[in-house]
Amino acid sequence: VLFLQIVHILNMTSAKIVSFLLHPEESLHSLQNRIEFETGISTGNQELLLETGICLDPRKPASQCVIDGVRGWDSYMVYLFDKSKTVYDGPFASRSLSDCVNYIVQDSKIQLPIPQLRKVWAEAVHYVIGLKEDYSRLFQGQRAAMLSLLRYNANLIKMKNNMVSASQQLKAKLEFFHQSIRLDLERYSDQMAYGISSEKMLKAWKEMEEKASQCAQAEDIGYLDEQIMALHTEIVELQKSPYARRQGEVMESLEQRAIDLYKQLKTRPPDHAYSDSTDMVKIIVQTVQSQDRVLKELFGHLSKLLGCKQKIIDLLPEIEVALNNIKEADNSVMQMQGKRQREIWHLLKIACTQSSSRSLVSSSLEGTASTPAASWLPQSSSGNTAPHPLSSLAAPEDGENFTDVIRENVNYLELFSSILQEVRQEQNSMMVS
């Protein structure tokens, strides 16, 4: 018997306790099927919370419901919530009266012998204590719901901070991208008259600027931020609410009064005296009324807690979508920035190629200009050049020099044409890319 594991499930939708004897190595899913059979709450809608607000792990066995050691092993509760409901409004009936207690409640002025009255009042005291304990268990379930809500809220805050950080980074990158592309467009327009131009590339850059403006929509998370802030305010108000604290002081005082009455009755001698139960019945009625009041407040507060929790559950996917949109926009901006920089370096390569080809052609032309001039100057027998009155006339032996000059110029012209063709191919490939 000592090694048996029994789990007590407090159904917060009905305020009733169901107990189960756990089989060795029983899975949590198996226990949930048994709970569904007893309570009618489907396994998909069951939320089982420990008193710390931690949800049971489906990967662990059902024995996680039972604490280690002997402290409270027979009173430790697991709190069952129905995820399909956010409003718990009862009605929650008080525990039923025993026959003898119901007998004095129906007629509190009836006279009973002291020995018999002791037994009846003992059960009455037990009933009053039971009402207070029922409230204490339900309050503990509300506290577990509050702790669970705070865990969800902590996760919400973490995701919100990640979203805000990603949004700020995207905003900074978009500002840098817009400033840099505007500067590139201005410098490109300045050099179009004497440098390199590409309408296709210019159009692509302007499309990048428009696409970057569309990416700015992803950084707009104001609507989500407002909802999260409003939800935080609501949660703080719920934490400050007096209904978030135990309201059983009246019931505890009534419990003590019932115990005192019973102690006074025990001190009376067991003679043939009789007495009525007016005072004890009055305590029973007041305790039932007090329990009705505090349970109404408790479940009203619990419904608000569960409503906030459902709002967080609904917000988490929206934040996840917003975060993914921000990441996609960020990647798009970085890709456009990299593509534009590659195109700028490609333009620089073409400009350098054209500059080198022009310098090569100019140097070749200077070389060809000096060659025929030297050939036109006749040389004397001593090797010194001297002016000749007929030096402007072509001599018969100068035909070979003219042929060499023409052939050399044709070679340089072919070289220049091939260089220009390579430059055009470079420009066409850049426009296509």
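Is the crossing of helix 3 and helix 5 left-handed or right-handed? I record that this crossing is left-handed. I note at the outset that the model is a predicted one.

Entry on helix 3 and helix 5. I looked up the packing of helix 3 against helix 5, which spans residues 222–240. Their axes lie 11 Å apart, at an angle of about 155°. Angles over 145 degrees count as roughly antiparallel, and the two helices are therefore roughly antiparallel to each other. I then listed the residues that meet: from helix 3 they include Met146, Leu149, Asn153 and Lys160, and from helix 5 they include Leu224, Asp225, His232 and Gln239. By class, I find 12 nonpolar, three polar and two charged residues in this contact.

Entry on helix 2 and helix 3. I next looked up helix 2 (residues 99–106) and helix 3 (residues 114–191), which pack with axes 9 Å apart at an angle of about 95°. That angle makes helix 2 roughly perpendicular to helix 3. Cys100, Val101 and Ile104 of helix 2 are in contact with Val120, Trp121, Glu123 and Ala124 of helix 3. I sort this contact into six nonpolar residues, one charged residue and no polar ones.

Entry on aromatic rings. I searched the whole structure and found two aromatic pairs. Phenylalanine 81 and tyrosine 88 are both buried.

Methods:
Residues numbered from 1 in each chain as written. Predicted model: local features only at pLDDT ≥ 70, side-chain atom pairs only at ≥ 80, totals over all residues. Heavy atoms only, no water. Axes fitted to C-alpha atoms, helices over the stretch in contact; angles between N-to-C directions. Helix = DSSP H or I, 4+ residues; strand = E, 2+ residues; numbered from the N terminus. Parallel < 35°, antiparallel > 145°, perpendicular 65-115°, else oblique. Contact = heavy atoms within 4.5 Å. Nonpolar A, V, L, I, M, F, W, Y, C, P; charged D, E, K, R; others polar. Phe/Tyr/Trp six-rings, centres within 6.5 Å; stacked < 30°, edge-to-face > 60°. Buried < 20%, exposed > 50% of the residue type's maximum accessible area, 1.4 Å probe, protein only. Left-handed = near helix turned anticlockwise from the far one by under 90°.
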